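Student: Please take one part of this model, the surroundings of the ligand, and go through it closely.

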Amino acid sequence: MTWLITGGAGYIGAHVARAMTGAGERVLVLDDLSAGVPARLPADVPLMRGSSLDGGLLKRVLAEHAVTGVVHLAARKQVAESVAQPTRYYQENLGGLATLLEAVAEAGVERFLFSSSAAVYGNPDVELITEETPCAPVNPYGETKLAGEWLVRAAGQAHGISTVCLRYFNVAGAAAPELADTGVFNIVPMVFDRLTRGEAPRIFGDDYPTPDGTCVRDYIHVSDLAEAHLAAARHLSGRSGALTVNIGRGAGVSVREMVTVIGEVTGDRRPAVVEPRRPGDAPVSVASAARAAETLGWSARRGVREMIDSAWRGWLLHHR
Ligand SMILES: NC(=O)c1ccc[n+]([C@@H]2O[C@H](COP(=O)([O-])OP(=O)(O)OC[C@H]3O[C@@H](n4cnc5c(N)ncnc54)[C@H](O)[C@@H]3O)[C@@H](O)[C@H]2O)c1
C-alpha cells in the first residue's frame, strides 16, 4: 500500500505520517504549507508542495507514485475564521475535497480516509454523542465537514471507493515537542499563552449545568488519534462500504479540571478568572467511543496529564 496524506505537514497530519511509516506503510505527503511545517515530517517521507485544489497535480501525484489509499487532512480549521470567510472555507474545504475525489476516482484509488470533526454535531443536548446523534453544525467550518462527509460517501458509492470518516473530538498533546501544535486556537495553548504572558487563565462561564459549572469536553491525545488513522487504514484494506466513526476517549473533562492540570504541569497555579459564557459553547460534548472500539478495534490509551505534559514541552520549544 502507498498512502497519500494531504495536509501531512500539519499538526495532526505529521503525527499520522509518523504512525503510518512507523507501522511499515509507504507514505507521501501533499501540503500547500499554508500552515504546515516540513521539518515535522520523517526524513524518508516525500513532501510535494501543492494544493488539494490543483486537480492536475493531484492526478500526476496519484499516478506517478502508484497511490492506493488517501488520508485527507488538508483543510482550513478555524471556526471564527470560517464565520468571517465562509466562501473561502467552502471553496478550500469542500472544493479541495471534490477536486481530490475526482482525481482519486480517475486514478482508481480504492481507499479514502477523511478528517471530519465533532463540529458536525453542533451543540446536541445529550450526555454521550453517538454517530447516530443528529448532525446540526453551528458554523461554516462544521458545515464543510458535514457536507464533506456526504460527498465522500456519495463518491465512494459512485466509484467503488471504501471510505472512513473520522470525527475527531478535542485534540491535544504531541508525540514529540517538535510536532506540537503551534496555533493558539484551543484551551491548552490558550492557557499556556496566558500563563506565559503572566496573566491568569480565563474560564468562559461557570454556571453551566455540569458538575463544576464549566464546560465539559472530550480530549484526545494526538498520538492516540494518529493510531486511530492507522487502525482505520487497516480496516479499509479488503473491505468495501462507508464507515463514520467518533474518535474520542468517551470521557469528559471540565475546563476547570483542565486548568488545574495545566497549573500542576507548568507549576503556575494562579487562579483562573471567570468571564461570561461565550455564545455557541455547548455545556457538554463527549463522544461515545463504542463504535471505534467495535469496528476499528481502537481505543484511546493516553490520559489528560500526558496530553498536557507533552503539549507543554512543545510549547516551551516553540516559545522560548
Ligand atoms: N486540531 C483539531 O482539534 C481538529 C479537530 C477536528 C478535526 N480536525 C481536522 O483535522 C485536519 C488537520 O488539522 P490540524 O489540526 O492538523 O491542522 P493544521 O492546520 O495543522 O494542518 C492542516 C494542514 O493542511 C495544509 N493545507 C491546508 N489547506 C490545504 C490545501 N488546500 N491543500 C494542501 N494543503 C493544505 C496546511 O498547510 C496544514 O499543513 C483538518 O482537516 C481539521 O479540520 C482538527
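Student: Which residue has a polar backbone atom 3.1 Å from a nitrogen atom of the ligand?

Tutor: That residue is Asp 32. The model is predicted, so local features need pLDDT of at least 70 and side-chain atom pairs pLDDT 80 or more, while totals for chains, interfaces and linings use all residues. Residues are numbered from 1 along each chain as its sequence is written, and side-chain values use heavy atoms, without hydrogens and water.

With Lys 77 the side chain takes part: one of its polar atoms lies 2.8 Å from a ligand oxygen atom. The protein buries 94% of the 830 Å² that the ligand exposes when taken alone (Shrake-Rupley areas, 1.4 Å probe).

Around the ligand there are 26 residues, counted when a heavy atom lies within 4 Å of it. Lys 77 is among the closest, together with Ile 12, Asp 31, Leu 73 and Tyr 141. By class, this shell has 12 nonpolar, 10 polar and four charged residues; Asp, Glu, Lys and Arg count as charged, Ala, Val, Leu, Ile, Met, Phe, Trp, Tyr, Cys and Pro as nonpolar, and the others as polar.

Which elements give two or more residues to the shell? They are helix 1 (11-22), strand 5 (111-117) and helix 5 (140-159), in DSSP runs of at least four residues for helices and at least two for strands. Strand 5 provides the largest share, three residues.

Technical notes: A polar contact is a pair of N or O atoms within 3.5 Å; within protein, one must be able to donate a hydrogen and the other to accept it, and residues adjacent in sequence count only if both atoms are side-chain atoms.
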